[in-house]
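Me: I have a model open on my screen and would like to understand the labels attached to it. Could we go through them together?

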Amino acid sequence: MIRILPIKVRLAAAAVLAVTAVAACALLVSAHTLQSANKEASISPESRALVRQAIASTGLISVRNSSDSSTQAPRARGSAVVVRSDGVLVTNYHVITNPRTSRAYDEIFLNVSSDGDTASSSVRYRLRTLLINKEYDLALLRVDSDAAGNPIAKSSTFPSIEMGDSRKIRLLEDLFIVGFPEKGGSTITVNRGVVEGRDILANWIKTDARVIHGNSGGAAVNSEGRLIGIPTKVVADEQPVDRDGDGFPDDTKRYGAVGFLRPSHLVAEMIAQLSDGNSENQQAPSAPRMAESSTWITVRGIVKSAASGKPVAGALIGLLPLGESNITESTLLTWGSTNSEGVFKLNRPVPPGRYTLKAKAFANQPYSSDVEIGPGAALLIIEMLGSSK
């Protein structure tokens, strides 16, 4: 049996519900405000100061072609960050490349200012390309002259960013993206996010920080203001939407995006490849060098007893990032096991570099060693010690 309440009672109940709803909304707004305040408060004044220092090292890349009209001003293409005080900087290869010709622009410029404002008090320099890595979409350039083409003094120095160790970065660490996004006007933009994930073999750091067109080639820094990555691309989660119900999508809706950064250790490796490490004797090359592309290698080896030299069958072998001690789903790069003759072949190839190799087998002590994986390397020999039990 359904009981119908008198109208006065119903009105009173409706009023109570309305007041309750207003109070709930107020609580939600207060909670959101408190959450935002806590998020901002979690950034210490020291971290803020260190991140601000990265601004002076980050500039705007603009380009021209020799066929452009002499009255046409250089057009903005992206961002760059100075990594050496002698004027060496890094950006994305696609920032300095004409998408129609797939060739670098004839003239490349860098605008820098102490406060990141390119509309006022900025200085423009001409750049020359030193080293290109198409595989990782990175390029090293150097300040060559002022905007008019006059050589700069050899004693000139530039604010440069401190390199961080991108191999040691962990999930949920704070990241700050510094650059000149196309929709951000003529001034630098800084936004915050966290490390969402890592793709160690493909050399990516993933973040929820906003990576917008124009930020490419800029700086991704940690809370210590050190360079951790280069913003390179963004992948949006866009899903089709059928608004009229005819079974065919007529629109799309974006649910979020993931920013992809090239880890800073790739930049450090490129800097090490520069032949002109002494900036006092720099010579302009006739053409930029191409960085060596990594040929991925299948890791093979043999496991045997250190005491008897006999092969160890059924041993499990795994390759981890250098210095990593914990074997997890995210740190195990490739793995395999030995056959009856102690021979193994790991299941996924890896790029050349230094790694930590681990092995375990029944009645043997766990094995761990740092190894160099490179082209033409000999088979890995693992000698396991018998269990002390």
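This is a predicted model: local features need pLDDT of at least 70, side-chain atom pairs count only at pLDDT 80 or more; totals for chains, interfaces and linings use all residues.

Me: How many aromatic pairs does the structure hold?
Reply: The structure holds two aromatic pairs. In one of them, the ring centres of Tyr 125 and Phe 158 are 5.3 Å apart, with their planes at 85°.

Me: What makes Tyr 125 and Phe 158 a pair, and why is the pair called edge-to-face?
Reply: Ring centres must lie within 6.5 Å, and planes over 60 degrees apart count as edge-to-face. With 5.3 Å between centres and 85° between planes, Tyr 125 and Phe 158 meet both conditions, so the pair is edge-to-face. This pair links distant parts of the chain, 33 residues apart: Tyr 125 sits in strand S7, and Phe 158 in the loop between strand S8 and strand S9. Both Tyr 125 and Phe 158 are buried.

Me: Which residue forms an aromatic pair with Trp 204?
Reply: That is Phe 260, in an edge-to-face pair with 5.5 Å from centre to centre and 85° between the planes. Trp 204 belongs to strand S11 and Phe 260 to strand S14, so the pair ties together parts that are 56 residues apart in sequence.

Me: Is Trp 204 buried or exposed, and how do you know?
Reply: Buried means under 20% relative accessible area. Trp 204 has 12%, so it counts as buried. The value for Phe 260 is 14%, so Phe 260 is buried as well.

Me: On to charges. How many salt bridges does a search of the whole structure find?
Reply: The search finds 14. One of the salt bridges joins the side chains of Asp 144 and Arg 128, at 3.3 Å from N to O.

Me: Why is the contact between Asp 144 and Arg 128 called a salt bridge?
Reply: The nitrogen has to be within 4 Å of a carboxyl oxygen. The N to O distance for Asp 144 and Arg 128 is 3.3 Å, so the pair qualifies. Asp 144 is in strand S8 and Arg 128 in strand S7, so the bridge ties together parts 16 residues apart in sequence. Arg 128 is buried at 11% relative accessibility, whereas Asp 144 is partly exposed at 36%.

Me: How do you know that Glu 383 and Lys 304 form a salt bridge?
Reply: Their side chains meet at 3.8 Å, N to O, and the cut-off is within 4 Å, so this pair also counts. The bridge links distant parts of the chain, with Glu 383 in strand S22 and Lys 304 in strand S16, 79 residues apart.

Me: What makes Lys 304 partly exposed?
Reply: Partly exposed lies between the buried limit of 20% and the exposed limit of 50%. Lys 304 has a relative accessible area of 25%, so it falls in between. Glu 383, with 42%, is partly exposed too.

Me: Which residues form the negative surface patch?
Reply: Asp 242, Asp 244, Asp 246 and Asp 250 form it. Asp 246 is in the loop between strand S13 and strand S14.

Terms used: Residues are numbered from 1 along each chain as its sequence is written. Side-chain values use heavy atoms; hydrogens and water are left out. Patches are made of residues with over 30% relative accessible area and no salt bridge: like charges are joined within 9 Å, nonpolar side chains (Val, Leu, Ile, Met, Phe, Trp, Tyr) within 5 Å. Accessible areas come from the Shrake-Rupley method with a 1.4 Å probe; for residues, only the protein chains shown count as cover. Lys and Arg count as positive and Asp and Glu as negative; His and the chain ends are not counted. The place of a charge is taken as NZ of Lys, CZ of Arg, CG of Asp or CD of Glu. Helices (H or I, at least four residues) and strands (E, at least two) are DSSP runs, numbered from the N terminus. Rings of Phe, Tyr and Trp (its six-membered ring) pair if their centres lie within 6.5 Å; planes under 30 degrees apart count as stacked, over 60 as edge-to-face and the rest as tilted. Buried means under 20% relative accessible area, exposed over 50%, partly exposed in between (1.4 Å probe, protein chains only).
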